[in-house]
Amino acid sequence: MNQQTLERRIPVTVLSGYLGSGKTTLLNHVLQNRDGLRVAVIVNDLSEVNIDAALVKDGGGLSRTDEKLVEMSNGCICCTLREDLLREVEQLAKDGRFDYILIESTGVGEPVPVAQTFTYVDEEQGIDLSRYCRLDCMVTVVDAYRFWHDYSSGESLLARGQHVGDDDAREVVDLLIDQIEFCDVLVLNKCDLMDEADLAELEGVLRKLQPRAKLIRASHGRVAPSDILDTGLFDFEAASLSAGWIREMEKQLHVPETEEYGIASFVYERVRPFHPERLYRWMSRWPEEIVRAKGIVWLATRNAMGQSLSQAGPSIHFGPSGCWIAALPEAERRAILREEPEAAARWHAEHGDRINKLVFIGIGMDRAGIADGLDACLLTDAEMKRDWSRFADRLPNAAPEQHGLH
Ligand SMILES: Nc1nc2c(ncn2[C@@H]2O[C@H](COP(=O)(O)OP(=O)(O)OP(=O)(O)O)[C@@H](O)[C@H]2O)c(=O)[nH]1
């Protein structure tokens, strides 16, 4: 690809955010203030009738000649309509009439697969979007007013009639956390309905969950177009590693921080396996003040496989995530350790890479209480000498897949 082609690539901004958070309102606001930019808009709606597209037509003031509105209905661009998205974007980009492509995802869409559409070559259709366009910015709009209600509702998309297919088992909170943990800009919308103290607390929590993104407060989607257009902010790898829990997990030193509004995070790390029954009981009484937890668990009954634990609000996913390096045949183990000096440096003389490492993010957490509670779930010295495979184990043992569609 020569420099000229690269320079001509059309920038793309993708708007995500749960249903009703204010994506269409924001889109219309930006279109009304676009300053002569020729924008092609793609609006995705799950239902057959694309209401959002109608709202953009009415409210955005797109001119018929210079601009274009593409409606993608009856599916979701992050899964069922992904190929259609590829073709539409390719066409718009090749058309040559536009300076910018703005995409409004459905409220239940996940941002990662949409971003992948722009960064990976689609072998089947032979389309490489990175030749024509450049993903500039992933924006997530958060409804400040409904956030805690949705986050703690414990409801599934299915129960709300917002599922993408019959096998869509996602909870509302799973979706919120996916959208927050993968973005470049977080727009905290509907600030007009909030008082300052509640807003500042929510902002603090969002910064903990997503420290890399630029956080913007807005009412009625009123953001400056330059906040979301031509920002140069998108970077797939950086976005993939931007979640607060990943940052926390990778920190070398855990310096105690000043805790505004009691918002804090900490890492629980122990080289001793959990007793499955005691961990199960602890997890059944999950402390409410933990907003988000994520990490790897060493379970005595499953000594070959690390288990993943992921919690957001009332939603908890638990299940096998991958083989411990220490459980691999010796030749393979040695080869991996030669290639991964970091794993070798962390290697424990007796237990290898087996470890419990969990990040907790919350408001007003009783750190000592949580750590003591978890410590009581670890095997005792006497249990360490027993046959671990005989302990009762009621924890879920299927891959903790949250969404059958992707
Ligand atoms: N009070 C208040 N209402 C807002 C704000 N932003 C949007 N709304 C209203 O919230 C409702 C939903 O806004 P939309 O822009 O349609 O939200 P959306 O994210 O596009 O919704 P879906 O397309 O259903 O996912 C509308 O009635 C808006 O007028 C805001 O900042 N404050």
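This is a predicted model: local features need pLDDT of at least 70, side-chain atom pairs count only at pLDDT 80 or more; totals for chains, interfaces and linings use all residues.

**Entry 1: the antiparallel sheet**

I began with strand 10 (residues 305–312) and strand 11, which pair in the antiparallel sense over eight bridges. Two strands count as paired if DSSP finds at least two bridges between them. Strands (E, at least two residues) and helices (H or I, at least four) are DSSP runs, numbered from the N terminus.

Residues are numbered from 1 along each chain as its sequence is written.

Next I looked up the whole sheet: it is open, has five strands in the order 8-12-9-10-11, and pairs antiparallel. Strand 8 (263–270) and strand 11 (315–323) are its edges, each pairing on one side only. From one strand to the next, the twist averages 10°. Axes here are lines fitted to C-alpha atoms, for helices over the stretch in contact, and angles run from 0 to 180 degrees between N-to-C directions.

I then turned to an open sheet of seven strands, ordered 3-2-4-1-5-6-7 with parallel pairing. Its edge strands are strand 3 (68–73) and strand 7 (214–217), and each pairs on one side only. Neighbouring strands of this sheet are turned by 20° against each other on average, direction ignored.

Inside this sheet I checked strand 1 (residues 10–16) and strand 5 (residues 133–143), which run parallel and are joined by seven bridges. Pro11 has Arg134 in strand 5 as its bridge partner. Helix 2 packs on the sheet, touching strand 1, strand 2 (39–45), strand 4 (100–104), strand 5 and strand 6 (185–189), and its direction makes about 160° with that of strand 4. Helix 8 packs on the sheet too, where it touches strand 5, strand 6 and strand 7. For contact, the C-beta atoms of two residues, placed from the backbone, must lie within 7 Å.

**Entry 2: the ligand**

Which residues come nearest to the ligand? Of the 17 residues around the ligand, they are Gly22, Lys23, Thr24, Thr25 and Gly107. A residue is near if its C-beta atom, placed from the backbone, lies within 6 Å. Helix 2 (residues 23–32) gives the largest share of this shell, three residues. I sorted the shell by class and got two nonpolar, eleven polar and four charged residues. In this scheme Ala, Val, Leu, Ile, Met, Phe, Trp, Tyr, Cys and Pro are nonpolar, Asp, Glu, Lys and Arg are charged, and the others, Gly among them, are polar.

**Entry 3: two domains**

The chain is divided into domain 1 (3–242) and domain 2 (246–390), with bounds from an automatic or database domain assignment. Their C-alpha centres lie 34 Å apart. Where they meet, 15 residues of domain 1 are in contact with 14 residues of domain 2. On the domain 1 side, helix 7 (172–181) and helix 8 (196–209) each supply at least two residues. Helix 8 gives the largest share of that side, six residues.

**Entry 4: the whole chain**

Last, I looked up the totals: the chain has 16 helices and twelve strands. Its C-alpha atoms fill a box of roughly 80 × 50 × 40 Å, taken along the principal axes.
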